[in-house]
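Hi,

Here is the structure I promised to pass on. My notes follow below it.

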Amino acid sequence: MDVTLLPDMPAWQRLGGAHTAEEIAQQPALWSALADVLEVARERIDAFLGDALRQPGQRVIFTGAGSSGFIAEMVADQINAQWPADVRAIHTTSLLTHPALYLQRDRPTLLVSFGRSGSSPESVAAVDLVRAQVDDARFLDITCNADGALAQRGQGRSDTLSLLMPPASCDRAFAMTSSLSCMLLAALSVFDGAPWAERIARLRSLAERGTQAVNNWDAPVAALARTDISRVIYLGSGPLEATAREAALKVLELTAGRVLALANTPLGFRHGPKSTLNGTTLVVVLRSAQPLARRYEQDLLEELRRDGIAARVISVGPAGSDSADGDFLLQVPALPDPWLAPLWLVMAQCFALQRSAVLGLTPDNPFPDGTVNRVVQGVTIHDHG
């Protein structure tokens, strides 16, 4: 396949990837649109949250399944560090199977649910579970679909706030791209301790950097995807570990599992997973903005490049003096890693899209036989009583 860039929508239409390509490319514009949404909703958000985050006895659970669960992991620690409340990420897929480990009837709990469609069986069941097992429970649903079950079921309830993302974020393609980045940035914006004006300004600044990422990285990512790569390993520190897991999932999804993708931390990679390296492996280190983490990351980058086992070893992240040829870098504002994660995901999303097309798959629907579906199917919700 010749290199097909994101703006070439007729070509992507022929390749069965127009929705995915458009939804990756539109993200910066949607982040600006999200800023507008939050400008309007901020008083409603503040009234709903009240002083709950300042209460040590308050539990906040960020939840979702698959990519939505990775959003929860990306944001929870950053928010937990800012407030006395106990904030944690728990995938719905764990919450439903082991509720006794996570829920206490007498502990006030805010369940923050992420859902592109808002209609996956686990998302709906998690809300029902918490409502049944916690006396003082409230719900913040961050979703992209006004017609989904989360948005519809929360209407008119005093214990629920539904925060809808810009309409175009409800991805039509199989893989979550713009839906994920919008919900991620929405959660960070809603729960950050900075003044609202500063939070909104961050979104607009990230939108500018996102446009640069799409424009600067499109062609080199397409060229990288044409190389003989059968394994991809994404590595990230702290909150970027979940970003690495999301990046790996994009490869697995869009290549229908034909390219093996793994995720780990730079320090954890030496503890066994390094054995997966071979001559067709691409290693991508997602660089932290934090100086201490960067030193550990740099040690591993230099080690892997010296070893010469992997086909390519590159990094994606903030521009710095420790960069190398072939890295994907941006000049970015001084922000915590979760705020910058959507920028690094642009590269990962583009790579997965391009690699899917190179393999002759249809990125908008890499599983035409229905073995894996856009909205998960086949889940039976069992009684938790």
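Strands here (E, at least two residues) and helices (H or I, at least four) are DSSP runs, numbered from the N terminus, and two strands pair if DSSP finds at least two bridges between them. This is a predicted model, so local features need pLDDT of at least 70 and side-chain atom pairs count only at pLDDT 80 or more, while totals for chains, interfaces and linings use all residues. Residues are numbered from 1 along each chain as its sequence is written, and side-chain values use heavy atoms, with hydrogens and water left out.

Strand 8 (residues 281–286) runs parallel to strand 9, joined by five bridges, and Val285 has Ser315 in strand 9 as its bridge partner. Between the two, the chain passes through helix 11 (residues 291–307) in a right-handed β-α-β crossover (clockwise from the first strand over the helix to the second, with the strands pointing away from the viewer). On to strand 10 (residues 328–330): three bridges pair it with strand 9, again parallel, and Pro318 stands opposite Leu330.

Strand 9 (residues 312–318) is largely enclosed by the rest of the structure, because six of its seven residues are buried (under 20% relative accessible area, 1.4 Å probe, protein chains only).

Helix 8 (residues 178–191) packs against helix 12 (residues 337–358) at about 170°, with the axes 9 Å apart. That makes the two roughly antiparallel (angles over 145 degrees). Among the residues that meet there are Leu184 and Leu188 from helix 8 and Trp339 and Leu345 from helix 12. By class, this contact has nine nonpolar, two polar and no charged residues (Ala, Val, Leu, Ile, Met, Phe, Trp, Tyr, Cys and Pro are nonpolar; Asp, Glu, Lys and Arg charged; the others, including Gly, polar).

Cheers

Key: Axes fitted to C-alpha atoms, helices over the stretch in contact; angles between N-to-C directions. Parallel < 35°, antiparallel > 145°, perpendicular 65-115°, else oblique. Contact = heavy atoms within 4.5 Å. Buried < 20%, exposed > 50% of the residue type's maximum accessible area, 1.4 Å probe, protein only.
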